Amino acid sequence: MVMVVCSSCMLRPFQSPVVSLAATESPSSSSSSSSSSSLFKSIRHKHTPVFHRPQSQPLVIETTLAETSKEDSSVPSRRLILLRHAKSSWEDRSLKDHDRPLKKAGEADAIQVAYKLQQLGWIPELILSSDATRTRQTLKIMQEHVGAFLEAEIHFISSFYSIAAMDGQTTDHLQQAICKYARDEILTVMCMGHNRGWEEAASTLCGASIQLKTCNAALLQAAGKSWEEAFLLAGHGGWKLQQLVKPNGGP
């Protein structure tokens, strides 16, 4: 059998796609070695990959901090007013403690504190109050002299009277009541009650010893997207005491 081999179909050795410097020059060229070197550098430059340095770490950190600050600024402040009732009368000894009314000096104090809260811009949207006569009368006088208090949602809570006499229970009880009644859009809440519980709650929340005389109000503030979150994040001792409001001439 005769085998016919075509010369054009014969296998040829693999040639690497390396650019030949000789192919770029004419046989009769008398170019210097420096020209060849320049050409080689030019070709090598075209085929050399370019690596970009990443941004420096401080720049990334600054951006992150700016974004975090922007997010924090969107979290609303929750304002809590802890107000002790105004001074009450002991003239009628036949009355139960729950039913004792205000005395004249107490009425005047309630008026002054109402105006001071208005001046400070601390008008509550929600009021949670003990149902004792002296707390009811304190609130009524404040409403009569500062109409903005009439716009608040009001709930009288009988347990506020009894819980104030129990050591160590008022703070958690107030938190539960506030989280029950305060919707997320409500930013200022006022709780009206009695010592020693109100004094204890104010001190526990802000982490400092607070003394609440009659008709004194502790203005506390913490941040949170809801009241539950504000209490969770601030915890005991994390609320900021903005001011202690007292009647004129009060101790």
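Predicted model: local features only at pLDDT ≥ 70, side-chain atom pairs only at ≥ 80, totals over all residues.
This is a short walk through the fold of one protein, from its sheet to a few residues worth a look.

Hi everyone, thanks for coming.

Let me start with the overall layout. The protein has eight helices and six strands. Reading from the N terminus, the order of elements is α-α-β-α-β-α-β-α-α-β-α-β-α-β. Of the 251 residues, 34% are buried. The exposed surface comes to about 15,600 Å², and carbon and sulfur atoms supply 54% of that. As for contacts with a separation of 6 or more, 79% of them are between residues 24 or more positions apart.

The six strands form an open sheet with mixed pairing, and their order is 3-2-4-1-5-6. Which strands stand at the edges? They are strand 3, residues 153-156, and strand 6, residues 240-245; each has a single partner strand, so one side of each has no neighbour in the sheet. Direction ignored, neighbouring strands are turned by 15 degrees against each other on average.

Let's stay with strand 6 for a moment. Strand 5, residues 217-223, runs antiparallel to strand 6, and five bridges join the two.

Helix 4, residues 133-145, lies across strand 1 (77-84), strand 2 (126-129), strand 3 and strand 4 (188-193). Helix 4 runs at about 135 degrees to strand 4. Helix 6, residues 170-181, also lies across strand 1, strand 2, strand 3 and strand 4, and its angle to strand 2 is about 140 degrees.

With twelve residues, helix 6 spans 17 Å from its first C-alpha to its last, close to the 16 Å expected at 1.5 Å a residue. Its buried residues are Thr170, Thr171, Leu174, Ala177, Ile178 and Cys179. And what covers them? The cover includes strand 1, strand 2 and strand 4, along with helix 5 (159-163), helix 7 (197-206) and helix 8 (227-234).

A pair of aromatic rings is described by how far apart the centres are and by the angle of the planes. In this model the count is four aromatic pairs. One of them is phenylalanine 160 with tryptophan 198, an edge-to-face pair at 5.4 Å centre to centre, with 70 degrees between the planes. Phenylalanine 160 sits in helix 5 and tryptophan 198 in helix 7, so this pair ties together parts that are 38 residues apart in sequence. Both phenylalanine 160 and tryptophan 198 are buried.

Another pair is tryptophan 227 with tryptophan 239, and here the rings are stacked: 6.5 Å centre to centre, 15 degrees between the planes. Tryptophan 227 belongs to helix 8, while tryptophan 239 is in the loop between helix 8 and strand 6, twelve residues apart. Are these two tryptophans buried or exposed? Because buried means under 20% relative accessible area, tryptophan 227 at 0% counts as buried, and so does tryptophan 239 at 2%. Together with Phe231, Trp227 and Trp239 form one aromatic cluster.

Arginine 196 is in the loop between strand 4 and helix 7. Further along, cysteine 215 is in the loop between helix 7 and strand 5. Cysteine 215 is a residue other than glycine with a positive phi, near 65 degrees. This cysteine 215 is buried, with a relative accessible area of 0%.

Cysteine 215 also leads us to the end of the chain. Proline 247, in the segment after strand 6, has cysteine 215 among its contacts, as well as Thr214 and Asn216. Proline 247 is also in contact with Asp109, Gln112, Val113 and Lys116. In space, proline 247 and alanine 110 are 7.6 Å apart, C-alpha to C-alpha, although 137 residues separate them in sequence. At 6% relative accessibility, proline 247 counts as buried.

Key:
Residues numbered from 1 in each chain as written. Heavy atoms only, no water. Pairing = 2+ DSSP bridges. Helix = DSSP H or I, 4+ residues; strand = E, 2+ residues; numbered from the N terminus. Axes fitted to C-alpha atoms, helices over the stretch in contact; angles between N-to-C directions. Contact = heavy atoms within 4.5 Å. Expected span 1.5 Å × (residues − 1). Buried < 20%, exposed > 50% of the residue type's maximum accessible area, 1.4 Å probe, protein only. Areas by Shrake-Rupley, 256 points an atom, 1.4 Å probe, with all protein chains shown as cover. Phe/Tyr/Trp six-rings, centres within 6.5 Å; stacked < 30°, edge-to-face > 60°. Lists of a residue's contacts leave out its neighbours within four places in sequence.
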